[in-house]
Amino acid sequence: MIRYIIKRVLLIIPLLLGVSIVCFILVNLNPSSPAEVTLRINNITVTPQAIEETKKELGLDKPLVQQYVQWIKNLLNADLGTSYETKQPVFDELIQALPVTIYLSFSAILLIAIFGFLIGVLCAVYENSYFDKLARVFIFTSAAMPSFWLALLLIWLFSLKFNIFPSSGLDGIKSIVLPAVTLAVAYISTFVRIIRNSLIQIKSSLFITYAKARGLNKFEILKHKIKNVINPFIVALAMSIPKLFAGTVIIENIFGLPGLGRLCVHAIFARDYPIIQSYILFIAILFIIFNLLADIWLQARDPRLRV
Amino acid sequence: MRKDFLIKIVDNKLALASLIFITLLIITGLFAPLVSPNDPYLINLDEKLLSYSLKYPLGTDHLGRCVASRLIYGIRTTLFYSLFAMIITVFFGLILGLLASFFKLLRVVILRFCDIMLSFPSELMMLAIIGFLGTGIENIIIAAIISKVAWYTRMIYSFTLNHVNTNYIHFSKVIGIPSRTIIKKHLFPLILSDIIMLATLNVGSIILSISALSFLGLGVQAPTCEWGIMLNEAKELMSINPYMMLPPGLMILFVVLSFNILGDSIRDILDPTYNLKIKDNS
């Protein structure tokens, strides 16, 4: 087991390097030079001399490889550069916005876990009943639903019509309900499908026949079944956390929540490249780490994989 | 492609309805100037926020523009650009996937590169590229292509892998048929239906991302007719005229739904056991 973990951890090092290179190259894709943007944002007249000075200040006059090495060195010291716009360290800005995004994503994860699991199990138990069919229609529609439209409809219904939940801003638990529901609806279909399909798949397994032969009641048998399908469900749930983080971009902007997604979109409008770059790097690293954890967890929990 | 492929789609009523709906939309989009009742860009402040009537089938927006015409012209932006992005992505994915399955040296490079690109969730990659290239429709299409090409390459590589190790391909290699001919004559027809399935399932997500980015103001810019932009305009008028949210939203929902239904039924036809598999890579 420990050997497996070490092997997996070593394997992600080249992946992390590759991801960092992509993030680094992305900045150099943009048509206008960062030096020019910095000058523009701070309302300094753009002259060739000013550009040269800013380039020196930002270390952009060195060759690319050298810039990259310097950038990585800074990264390892948790120095992500400074925002062009606010002149604050990017690290601080991200840390400030992070709790909101975590709050939102984990509320959504909670909703997905509870409702995804319940609907999935009910669908499988009452396979092909009206409930199952209705749930499948709902799942199909939710997967095709533009989340920003759903958000607008929810705001209209619950904020304007009935005035139950606030339409924007972060103020207590009430303000997180609508965003979390919107985010959860977009992702729930996968999880209902995982639970439902895997429960139906193992229906005719030998151990279920054996459990029936032992005379166990329906509830006991269901417990046996769920034990078998819960692992992939939890792993999929864990692996969707980075995706949810990325998915908060639209939701946070509509509901005016001061999280990472809003920070990133604001940075795109302001052409604040260090913030965009750090945000992308952060989510990608999160993605890799959660993948790694999910693999290790599966390996530890499911002895069949170790053979 | 198998001969009974189309017959099976026609058999499935829901899939057939989706196919007809999409075809109708494409035709409507192509002939938009003939079909649309009014000029979608004509601002007429005397007739703003009208309800539906004979002259304006779906009413008018806050600038007095005909909503129905804007929806129809929106097909051209949202649907056509998504289809275009999808075709280009499939093209590059196909080339890279086939290269990876046929040339050992390239395989490692291409697959490792895919690993790296797949570490970025695709919505995020699109956002990143828009962030650095700037807003606008060309950049959105470039972003959609770059963010999806690795995934296509991976999938197409795994499709071909099933066939590359079969005896008839080995035989063709042994008797000295060049790789190009093997790919063209043997491999491509076999994986074509898989690719169609993949592409159909994917158009929906491209439409969702393009309209979402336009909604945020990062994609297509106003006054172009685009469903996401129309929703953004409707958002501002939510308290006065909530009805304006319905047409563009329903349009996106139905289009994406049709593509998903179509893609799903193609998948069922190709692989009837799919629904029993746990893995869900969408």
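Me: Why are α10(A) and α12(A) called roughly antiparallel to each other?

Reply: The two helices, residues 218–255 and residues 273–301 of chain A, pack at an angle of about 175 degrees, with their axes 9 Å apart. Angles over 145 degrees count as roughly antiparallel, under 35 as roughly parallel, 65 to 115 as roughly perpendicular and the rest as oblique; α10(A) and α12(A) are therefore roughly antiparallel. Axes are lines fitted to C-alpha atoms, for helices over the stretch in contact, and angles run from 0 to 180 degrees between N-to-C directions. Helices (H or I, at least four residues) and strands (E, at least two) are DSSP runs, numbered from the N terminus.

This is a predicted model, in which local features need pLDDT of at least 70 and side-chain atom pairs count only at pLDDT 80 or more, while totals for chains, interfaces and linings use all residues. Residues are numbered from 1 along each chain as its sequence is written, and chains are lettered from A and ligands numbered from 1 in the order in which they are written.

Me: Why does B:Asn12 count as partly exposed?

Reply: B:Asn12 has 18 C-beta neighbours inside 10 Å. A residue is buried with 20 or more other C-beta atoms within 10 Å of its own, exposed with 12 or fewer, and partly exposed in between, so B:Asn12 counts as partly exposed. B:Asn12 is found in the loop between α1 (4–11) and α2 (13–30) of chain B. Of the 282 residues of chain B, 43% count as buried.

Me: Which residues have the most contacts inside the largest nonpolar core?

Reply: They are A:Cys264, A:Ile276 and A:Ile280, in a core of 147 residues. Such a core is a set of buried Ala, Val, Leu, Ile, Met, Phe, Trp, Tyr and Cys residues joined through C-beta atoms within 7 Å. Leaving aside neighbours within four places in sequence, the contacts of A:Cys264 include A:Val249 and B:Leu127.

Me: How many residues does each chain give to the contact between chains A and B?

Reply: Chain B gives 36 residues and chain A gives 44. On the side of chain B, α6(B) gives the most, with eight residues.

Methods
Two residues are in contact if their C-beta atoms, placed from the backbone, lie within 7 Å.
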